[in-house]
Amino acid sequence: MTSRRTLLKGALIAPIVAPSPRRPALPLPAPTGPYPVGLRTLALTDPSRTDPWVGGVREVMLTVLYPAAGVRGCPRAPQLTQAEAQAFAELAPWIHQGLPAEGTVDWGSVRTHGHIGAPPLPGRRPVLLYSPGGGDARGLGSGLAEDLASHGRTVVLVDHPGDASQVELPSGLRTTALHGPPDPSTFRTMIDTRVADLRFVLGQVPRLLPEASGIGIYGHSAGGTAAVYAAGADPRVRAVANLEGYLDLDPVPDTGRPLLLFRTDGFTEGAARIDSSWAGVPGERARLRDANHWAFNDYAALVPRLQAAGLVTAEARAALVGPGDPDRTIAAVRRRVGGFFARHLP
């Protein structure tokens with residue numbers, strides 16, 4: 001899946017993309033809600049766990065997005081820190097086959113619509129936790145998260161150091177520990193670690209986010225898998241959205257809680273496993289047309305622009321995000337995920 005496909009094939013044979021002097025502008029789509037978006041970054045340490053990838057105490061990085069009372073004087077945050085962007089420039093074509101070679105894209109120039117340190121809008125509101133796809137950093141889920149926040153929610157992007165491509169921690173920059181396709185044992189470690197990260201953050205919500213009126217979780221690919229299993233039968237979680245994540249590691253508990261099962265029509269590589277692992281799982285089902293696996297995150301906006309600049313082939317675009325119009329794809333994802341949480345976490 002996600003990571004399984006890219007960390008994966010690309011880690012074994014680096015794609016060859018001719019260097020180009022062009023550095024295309026890579027804007028992210030603006031949020032559609034009535035509120036501007038504030039942003040803060042948090043570093044948490046879980047003293048009860050040992051990091052399975054490098055040892056030592058487990059560290060987790062979060063980006064918190066929220067509706068802001070105002071954003072005057074508050075700069076927009078970069079999608080990646082400068083150190084993360086430099087690492088990603090080197091890692092990108094290995095993690096996602098078909099992305100441009102190092103030196104052709106200024107990943108550090110990508111700006112989100114989250115304003116650093118903006119004062120939050122007063123009042124209580126739902127809190128949503130997000131787990132990214134395997135191999136991806138939390139910042140690549142910025143577009144959907146900002147849109148959710150602009151409609152009155154607090155959204156927490158959770159990084160999972162060790163399988164994330166790169167994440168800058170207070171202790172330093174961590175890059176992925178995965179080298180090639182993970183065997184079943186390694187993949188199990190990856191999901192179990194993500195589940196533990198999400199449950200740890202769940203436990204911190206009352207202290208960090210006292211405005212929470214209810215909690216939901218959503219995730220993409222390996223993050224969708226982790227979201228469903230992290231929620232388990234936990235009564236704190238009132239709704240879960242799984243964006244094309246497999247559900248065959250453990251039985252999925254039938255809690256009666258709302259569950260969105262959202263997939264693309266282009267992910268033929270994982271279609272059989274999605275079909276079999278989702279069979280019999282109760283939930284609201286949806287399909288994203290003319291799209292492929294990575295269209296659920298910011299690649300939906302970035303990859304078509306890279307193709308227009310001659311840095312990504314049409315075949316690579318189709319394999320990553322599908323051939324569909326990016327504006328329609330992004331709008332469809334926002335509408336479906338936002339509508340799901342609006343109904344079940346008003």
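The largest pocket has a volume of about 270 Å³, and please keep in mind throughout that what you see is a predicted model. Twenty residues line this largest pocket, and those that lie nearest its centre are Thr41, Thr63, Pro78, Gln79 and Arg138. If you follow the elements, two or more lining residues are given by each of β1 (37-50), β2 (57-67), β3 (76-78) and α3 (142-150), with β2 providing the largest share, at three residues. In terms of class, the lining of the largest pocket is made up of eight nonpolar, seven polar and five charged residues.

Let me turn to the second largest pocket, in which about 200 Å³ of space lies. Its lining includes Phe262, Arg287, Arg289, Asp290, Asp325, Arg328 and Arg336, and by class the lining residues divide into six charged, four nonpolar and two polar. At least two of the lining residues come from β12 (284-288), and at least two from α9 (326-344); the largest share, four residues, belongs to α9.

Fifteen residues line the largest cavity, and the closest to its centre are Gly143, Leu144, Asn297, Asp298 and Ile330. Here α3, α7 (299-308) and α9 are the elements that give two or more residues to the lining, and the largest share, three residues, comes from α9. The lining of this cavity has 10 nonpolar residues, alongside three polar and two charged.

The second largest cavity has a volume of about 40 Å³, and among the residues lining it are Ala295, Pro304, Arg317, Val321 and Thr329. Both α7 and α9 supply at least two residues of that lining, which divides by class into five nonpolar, three polar and one charged.

Finally, a word on confidence. The mean pLDDT of the chain is 93, and 93% of its residues reach 70 or more. Over residues 2-21, however, pLDDT stays under 50, and for that stretch the model has 63 contacts beyond four places in sequence.

Definitions and conventions:
Residues numbered from 1 in each chain as written. Predicted model: local features only at pLDDT ≥ 70, side-chain atom pairs only at ≥ 80, totals over all residues. Heavy atoms only, no water. 1 Å grid on protein atoms, 1.4 Å probe; cavity = no way out; pocket = protein on both sides within 12 Å on 5 of 7 lines; lining within 4 Å. Points joined across faces, edges and corners; volume = space filled by probe spheres on them. Nonpolar A, V, L, I, M, F, W, Y, C, P; charged D, E, K, R; others polar. pLDDT = per-residue confidence, 0-100. Contact = heavy atoms within 4.5 Å.
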